[in-house]
Amino acid sequence: MSDVTGGGSGADDAADSDDAAGADFDGAQRTGDVPTLSATDVEAGYDQHQVLHGITFESRDGVTCIFGPNGSGKSTFLKTMNGIVPVWDGTITYGDVDLTDEKPEDIVTHGIATLPQGGGIFASLSVEENLNVGAFTVDDADAIAERKAEVLEVFPALEDKLDQKARELSGGQQMMVSLGRAMMTGADTFLLDEPSAGLAPRLVDDAFGLIERLVDRGAQVILIEQNVRAALRLADYVYILAEGEVQFHGPPEDLSEEDELMELYLGL
Amino acid sequence: MSGSAPVLDRLPGDRRYWFLALGVLLLAWPFLFGSFWARIGLGALMWIGLAQSWNMIGGYAGYLDFGHGAYFGIGGFAAGIAMVQFGYPFVVGFALAIVVAAVLAYLVAVPTLRLTGAYFAIATWALAESIKQAALILEITGGTFGLSLPRSPDTFIGIAVPFAISETFFYYVMLLLCAATMLVTYVLFERHEFGYRVKALRDDQDAAESLGIDTTRVKRQVYVLSCVVAAVFGSVYAWYIVFIHPNDILAPIVTDRMVIMALLGGLGTLTGPIFGGLLVFLLQRLSSVFLGSSTFYLPLIGTLIMITVLFAPSGIIGILRGEIGRDDVRKNLKELGEKFDLL
Amino acid sequence: MSDGDTILKTTDLTKRFGALTANDEISLAVERGEIRGIIGPNGSGKTTFFNTVTGFYEPDGGSVHFNGEEVTGWEPHRLARRGLGRTFQIVSPFKNMTVRQNMLAVQTDDGRSREEKRERVGEILEFLEIDHIADNEARGMSGGQQKLLELGRVLMLDPELVMLDEPAAGVNPALEERIMDHIHELNDEGTTFVVIEHDMHVMKTLADTVSVFDSGRHIAQGDFEEVSQNEDVRKAYLGGTTAEDDEVPV
Amino acid sequence: AGLGGGPERDTFLLGAVTSLSGDLRFGGGVTQRGYDMWADTINREQGGIEIGGDTYEVEVEYADAQSNPSAGADAASQMINDGADALLGPYSSNVTLSVCPIAEQNSIPHITGSAESPQIWQEGYEYSFGTIPTVSIIGNEATSALLNLEPQPESVYVTGVNEPFSEATAVSMRTAAEDAGVTVENYELFPRDTDYTNVVSAAQNADPDLHLHGGHIGSHVDLVSAASQLGYTPNGFLMHYGVNTGSYKEGAGAQAPYTFGATVWIPSVDRSGGVLFDSPQAYADAAEAAYGSAPDYTQAGSTAAGIVYQEALKELNAAPPLSQDDKDELIGILEEIEVNTFYGNVTFEVGGEYHHNNINTQTLLIQLGEDGSPTIVGPEDAATGEPNYPVPAWDER
Amino acid sequence: MVDIGLFTQIVINGLLLGGIYVTIGVGFSLAFGVLEVVDFAVGEYVMVGAFMGAVLAPLFGAEGVFVIPIVLVVFFAVGALIQPLIHHVTTGDRPHPLLMGLVFTFGLATFLRGSVLTIFGPNSQDVPSSLLTGGIEVPGLGTFPVVRTVTAVFGVTGLAVFMYYLYRTRGGMAIRAIAEDRTNARLMGININRYQSIAYGAYAALTGSAGVFIGMTFNASPGMGLQYTAFAFFMVVLAGMGYLPGVIVAGIVLGLTQSFTAVYISGNAVLLVLFAIIYVVLLVSPAGILGKGEWAT
Ligand SMILES: Nc1ncnc2c1ncn2[C@@H]1O[C@H](COP(=O)(O)OP(=O)(O)OP(=O)(O)O)[C@@H](O)[C@H]1O
Ligand SMILES: Nc1ncnc2c1ncn2[C@@H]1O[C@H](COP(=O)(O)OP(=O)(O)OP(=O)(O)O)[C@@H](O)[C@H]1O
Ligand SMILES: [Mg+2]
Ligand SMILES: [Mg+2]
């Protein structure tokens with residue numbers, strides 16, 4: 001248990017040493033703390049079918065987890081934040097910027113990267129091209145080269161595979177490509193939708209390791225997971241969604257007092 | 001589904017009376033309006049039947065058959081060849097049309113139904129064109145000269161026809177065939193579990209297979225059935241129109257019409273092809289009445305097709321059932337507008 | 001060939017995709033009444049094995065026996081009607097049909113009447129606790145409900161053996177428990193299961209025996225404890241996680 | 001709506017079925033102008049047709065065959081339904097072949113001013129007639145005239161498009177060449193949408209004196225452009241149908257001059273005229289004035305069809321609307337009739353393979369000049385000018 | 001006996017014919033590969049391009065070649081505006097997106113053909129050119145008709161430009177990413193509407209200008225579109241759908257098949273042979289003769 005708290009303070013350490021990490025990871029965009037991604041009374045859905053009934057949410061430093069039963073609207077909510085699903089009502093802001101009506105391709109430019117469920121790599125593009133697509137919104141060639149070097153430092157396994165088509169990689173390596181690609185955007189905030197789903201346990205470990213590394217570098221991570229046990233080891237703050245509403249939010253410690261919630265929604 | 005009540009449910013009075021009235025109208029049609037309208041009526045009935053035959057494979061089973069018209073032509077030529085080259089009565093030609101279409105459809109089905117989507121569409125289209133080209137070269141089909149069928153036969157299945165072989169007679173034949181096609185579609189695809197199997201394989205072939213559905217066989221059955229229906233109409237059409245030519249009854253436009261009719265009416269629905277068939281047939285046939293000697297109906301139909309696909313993808317039936325309301329169109333327009341963000 | 005207790009037996013089953021051997025001489029026997037787990041790294045050939053056994057892939061070598069009968073190369077629907085049911089890794093409901101129609105589409109040779117079939121649909125939906133949405137279209141169902149529907153459809157076959165490909169993936173823990181309960185219940189009634197799953201908690205709870213796949217080969221077999229202590233397995237598959245670490249860190 | 005016969009009226013109602021839309025709309029327009037020309041002229045100049053002292057105006061009502069046999073049959077039926085006294089036929093043989101049986105079933109006279117396929121007459125329809133000789137005659141006679149030019153050609157290459165009219169044309173050309181004892185290097189049909197360089201290369205390799213081609217205007221254009229691209233120059237190209245139309249000139253552009261063609265009528269032909277129009281030139285002038293374009297033989301044949309009706313109706317001497325007996329009697333009159341028109345003498349064969357076809361109008365061999373205007377260059381008794389023969393090579397023009 | 005002079009000329013004819021097909025196949029293949037649109041309107045773009053040549057050439061001293069820049073610009077703009085409509089009908093939760101796309105473009109094709117027919121009448125029109133006339137005779141080989149040779153060069157150049165753009169530029173990378181997954185491409189900051197419109201516009205521009213060349217080679221007629229739609233389908237099926245480099249091979253195969261069938265078998269059998277080849281290739285190797293097309297499901 002103390003380990004986990006340690007992980008959380010690890011994120012703080014990273015924030016302290018922000019200057020160093022920030023400079024070589026992403027010199028151009030980041031100056032101070034990562035802006036808070038927050039949602040206020042968000043309603044959204046598909047066609048006539050409303051899924052989210054007023055969600056209020058705020059990202060924290062480190063990892064903010066979203067749990068909830070299937071179909072509770074977790075992915076939908078994530079997609080309102082990255083712009084894929086239009087917001088019916090309510091607002092979404094990132095620091096001072098209003099994202100509510102922005103399109104996904106514009107939201108990325110503010111520093112919010114998404115890792116869609118399954119990784120969403122471009123299978124017929126090479127690994128290097130996948131990374132380059134990640135930097136699509138970046139015009140500065142030097143910055144791109146720097147970030148690529150950074151990604152390869154974090155994931156040395158990708159070094160020899162740069163010219164290979166992404167589909168030829170193993171599941172775990174593909175996950176590295178998608179995370180690396182997300183890093184290439186120069187984002188400070190990462191939206192991850194079930195990064196461990198369908199992965200073998202060893203790869204699940206790898207995926208969570210990667211998340212830790214992102215946090216170490218000062219990024220905020222919003223994480224949807226069904227692998228609640230593993231995710232809780234990383235979590236700094238937890239939201240529980242059910243039927244399109246927030247049922248609980250608070251630090252993981254508080255969760256232990258909510259036996260009923262745990263039982264009902266998390267099966268713990 | 002949106003709130004507005006389906007138009008079909010808003011008919012005043014008992015629905016059965018409406019159907020009864022419609023039945024009486026259909027039966028009395030040639031006597032009420034004369035021979036020209038009998039011809040228009042029989043044309044409409046034929047096209048409704050053909051649209052439904054496409055709907056079986058294209059709508060219910062989800063296989064975009066872009067060569068379906070070939071079976072209409074094959075039916076026509078089977079009947080024509082039997083009557084012209086061998087001097088048999090129509091009824092033999094009719095039987096031949098069914099047999100030839102069924103056998104050919106089966107042979108085609110075996111390799112072709114392994115393809116899906118655009119590949120199936122293009123393969124069937126290429127096959128239909130090959131058949132047309134072959135018919136233009138072969139001697140038995142009359143080659144480039146086509147076939148002139150014997151005129152005014154005045155017996156049907158050996159029995160003298162009292163009112164001669166006139167449009168009135170053909171009107172009732174088409175009415176009968178069209179009704180039979182509707183009935184078969186209703187029973188097989190809407191009532192029987194066979195229909196569930198067909199829809200299942202349309203949605204997910206592997207899943208269907210894993211649930212005991214012999215998808216290869218079901219697909220084949222639907223394909224052969226739909227092709228035979230088209231051929232049946234083709235044979236009667238040949239008998240009626242007397243002169244058949246590959247460029248007419250094997251033309252790709254025959255398929256195109258069926259597809260458009262089924263789509264505009266509402267794919268994979270029983271009544272969609274009725275509305276789509278009526279609309280397109282009448283638009284085309286009566287365009288000269290409204291537009292004079294102009295080809296203006298072509299861009300008009302083109303525009304109509306585009307608008308339908310854009311705003312009413314479930315077809316006329318979708319509008320009648322109230323699935324597509326004003327709100328949907330507005331939402332659609334808004335989404336479309338967003339896609340014009342190009343700079 | 002096989003004794004009465006073996007319901008499924010593969011011998012040197014091989015499947016290649018071009019240069020890749022996805023299943024390399026896999027020999028495996030499943031006893032009637034057991035729940036067999038299959039684990040292995042991503043891409044180790046688990047799903048391919050399912051597909052080859054159930055007739056979706058033509059094997060490049062080896063044989064499959066089901067209920068003592070050689071069924072190698074049989075078409076899937078034929079196997080299904082013999083009582084070999086399966087689900088898919090990616091859920092595949094018939095989206096344009098209602099839940100009930102999804103169930104009724106299932107085809108069997110058992111000569112059940114229409115009424116009997118409908119009755120059975122009701123029973124199964126009730127058992128899975130999704131009878132309240134029987135007449136909803138499948139497209140509007142949540143991912144979890146779709147998983148239940150898949151299980152329900154398979155049950156319409158009255159299968160003797162059910163092969164489940166990652167039934168708990170992406171499923172919320174609460175629902176996961178429910179699915180496991182259903183499997184146990186059906187197993188108690190005599191249905192044999194083969195389950196692919198990456199969730200070790202599920203594996204541990206369900207499986208009587210676990211088979212481990214790696215690079216297309218069947219490298220180990222044993223009960224969960226045995227297998228999870230195996231060095232090769234730990235290295236290839238489990239990694240650093242102590243799979244038995246069920247403790248919730250809060 | 002109503003049954004046949006129709007109400008009392010004091011006009012003759014002629015139902016014209018023709019393709020006003022679709023692929024054949026161009027030809028449909030030509031026949032329409034031909035029929036209108038007749039109706040307008042007779043109404044204007046004679047107040048209509050004189051029957052027993054009264055004159056009855058002529059009314060032509062059109063129904064669109066949409067270039068499609070099935071719609072053609074519907075259109076004919078529509079006209080009959082509207083009580084037409086007689087039918088004027090559609091453009092193109094395919095549509096005609098579906099209209100003839102309708103005329104037959106309803107026992108109504110039907111004269112077509114444009115369909116040329118020999119098939120129509122072989123069927124032996126009792127109620128259908130045609131003013132234009134079948135193409136098997138036109139192609140044959142034009143080819144014979146061409147083969148008589150000096151220096152006498154020794155070999156020909158025959159091509160045609162694989163559709164009824166064109167095949168019949170090509171066959172007649174081949175027959176004429178064989179009958180004249182000229183070597184036929186090759187006889188080949190191909191689909192309309194083919195590439196002509198291959199046709200031309202094969203022909204070029206055979207190196208014939210003449211190239212004979214049966215098809216419609218588009219195929220002529222493709223053939224001459226491929227020929228000019230590959231530098232294929234036989235002593236002459238004979239093509240039928242329609243080299244003297246504006247459409248061919250527009251399509252072929254610089255390649256149009258010197259092409260030989262066949263026709264049964266052009267404005268400059270020397271024919272004595274008679275009923276309604278004094279001479280071919282008078283007709284051409286009137287048509288030019290009315291429509292702003294020079295008439296071709298299809299239009300003339302269509303007008304002639306009207307004139308034949310007019311004379312036959314006079315002889316029948318029955319006021320409109322015609323009874324069924326009148327119509328049957330009209331058929332008998334048509335079989336016997338001989339009318340002297342600007343288009344030539346019209347009489348219809350009875351029996352044989354040309355049953356009810358007017359095969360007596362003389363075929364003319366024409367050649368386009370530098371400016372694209374046609375000159376009659378054969379047969380000798382009809383020629384009004386000298387042919388430019390052999391024609392200059394493409395790069396010497 | 002095979003005549004060598006004729007034989008080499010037939011080869012030349014076939015290759016140049018193939019070049020003409022390449023001009024149509026390139027854009028069509030791009031449209032299919034990137035946008036997943038099976039575009040029924042392709043032949044009508046050719047037809048409209050040819051008519052623009054016929055109508056505008058007189059303004060440039062009866063020279064069709066000078067019309068091409070205008071056609072490029074106009075078609076690019078129009079294509080860019082049509083693309084969002086096609087995108088709209090093939091996405092969202094519509095049933096049968098593929099059919100919707102097919103039928104929409106069928107409607108578009110009918111609209112274009114009908115409009116040209118209504119405006120210009122049914123006649124064919126000459127697309128004049130004095131630059132591209134006659135043929136170049138190469139002794140021992142045969143004659144290379146100038147207009148066909150230039151058309152083939154245009155097609156191959158178009159292919160090279162497309163390949164360069166797709167595989168060597170940022171925009172091309174974006175387009176390939178879109179082809180793979182539209183939603184994920186957006187999440188990378190790619191304005192998919194813009195790049196899809198660029199792709200479709202480029203396809204339309206290339207196809208429209210191919211129309212001008214084809215007009216100069218043959219002529220412009222309202223009914224010509226259908227056969228080019230057919231040829232475009234031939235091309236992508238043989239090339240493998242969406243596989244651009246296959247287009248050249250497909251063009252050569254089609255052109256040679258056509259010319260050899262016409263001369264050595266029967267002119268009448270040409271289309272029968274072509275359609276039969278398409279059917280058989282689809283059954284035997286749906287990914288094209290090179291086996292590299294995308295095997296769509
Ligand atoms: N594209 C869509 N169209 C229509 N309804 C959708 C769509 N995507 C999701 N839904 C519905 O919205 C609801 C919420 O779905 P969502 O994917 O947000 O759930 P989730 O919490 O992410 O579930 P899971 O844990 O299973 O991924 C569900 O009822 C689902 O059926
Ligand atoms: N249809 C196919 N064509 C070509 N290769 C395939 C095909 N299906 C699977 N493969 C390959 O075979 C190997 C085994 O795949 P399989 O799907 O069986 O793995 P798995 O064990 O189920 O993995 P996971 O746990 O990720 O689902 C992989 O390398 C995969 O890429
Ligand atoms: Mg989700
Ligand atoms: Mg798997």
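## Where chains B and E meet

Let us start with one pair of chains: 52 residues from chain B and 52 residues from chain E take part in their contact, where contact means heavy atoms within 4.5 Å. This is a predicted model, in which local features need pLDDT of at least 70 and side-chain atom pairs count only at pLDDT 80 or more, while totals for chains, interfaces and linings use all residues. Residues are numbered from 1 along each chain as its sequence is written, chains are lettered from A and ligands numbered from 1 in the order in which they are written, and side-chain values use heavy atoms, with hydrogens and water left out.

About 4600 Å² is buried between chain B and chain E, and carbon and sulfur atoms give 78% of that area. Buried area here is the accessible area (1.4 Å probe) that two parts lose on being put together, summed over both. On the chain B side, B:Y119, B:K339 and B:L342 supply 16% of the area buried against chain E, more than any other three residues. Between these two chains there are zero salt bridges, a salt bridge being a side-chain nitrogen of Lys or Arg within 4 Å of a carboxyl oxygen of Asp or Glu. Four residue pairs, both residues at pLDDT 80 or more, are in polar contact across this interface. A polar contact is a pair of N or O atoms within 3.5 Å; within protein, one must be able to donate a hydrogen and the other to accept it, and residues adjacent in sequence count only if both atoms are side-chain atoms.

Which parts of chain B touch chain E? The elements that each supply at least two residues are α1 (15-60), α3 (90-112), α4 (117-137), α10 (252-265), α12 (297-311) and α14 (326-338). The largest share, 14 residues, comes from α4(B). Helices (H or I, at least four residues) and strands (E, at least two) are DSSP runs, numbered from the N terminus. By class, this side of chain B has 32 nonpolar, 12 polar and eight charged residues. Ala, Val, Leu, Ile, Met, Phe, Trp, Tyr, Cys and Pro count as nonpolar, Asp, Glu, Lys and Arg as charged, and the others, Gly among them, as polar.

## Where chains E and D meet

Chain E also touches chain D, with 34 residues of chain E in contact with 27 residues of chain D. The two bury about 2500 Å² between them, 45% of it on carbon and sulfur atoms. In chain E, the residues losing the most area to chain D are E:P122, E:N123 and E:N268, together 19% of what that side buries.

One salt bridge crosses this interface: E:R148 pairs with D:D195, and their closest N and O atoms are 2.9 Å apart. α1(E) gives the largest share, five residues. The side of chain E that touches chain D has 14 nonpolar, 17 polar and three charged residues.

## Salt bridges through the structure

Over all chains, the structure has 25 salt bridges. In one of them, E:R176 meets A:E129, with the closest N and O atoms 2.5 Å apart. E:R176 lies in helix α6 (residues 170-180) of chain E and A:E129 in helix α5 (residues 127-134) of chain A, so this pair joins two chains. E:R176 is buried at 11% relative accessibility, and A:E129 is buried at 18%; buried means under 20% relative accessible area, exposed over 50%, and partly exposed in between (1.4 Å probe, protein chains only).

C:K117 and B:E193 form another salt bridge (3.1 Å, N to O). Here helix α4 (residues 114-127) of chain C holds C:K117 and helix α6 (residues 193-203) of chain B holds B:E193, so two chains are again joined. Both C:K117 and B:E193 are buried. Within chain C, a network of salt bridges links C:D110, C:R112, C:R120, C:E123 and C:D158.

## The magnesium ion

What coordinates the magnesium ion (ligand 4)? The donors are C:T47 (OG1) and C:Q89 (OE1), at 1.9 to 2.2 Å. Donors are N, O and S atoms within 2.8 Å of the metal (3.2 Å for Na, K and Ca); water is not among the atoms, so sites may look incomplete. C:T47 lies in helix α1 (residues 46-53) of chain C and C:Q89 in the loop between β6 (84-86) and α3 (99-104), so the pair ties together parts that are 42 residues apart in sequence. C:T47 is partly exposed at 25% relative accessibility, and C:Q89 is partly exposed at 34%.
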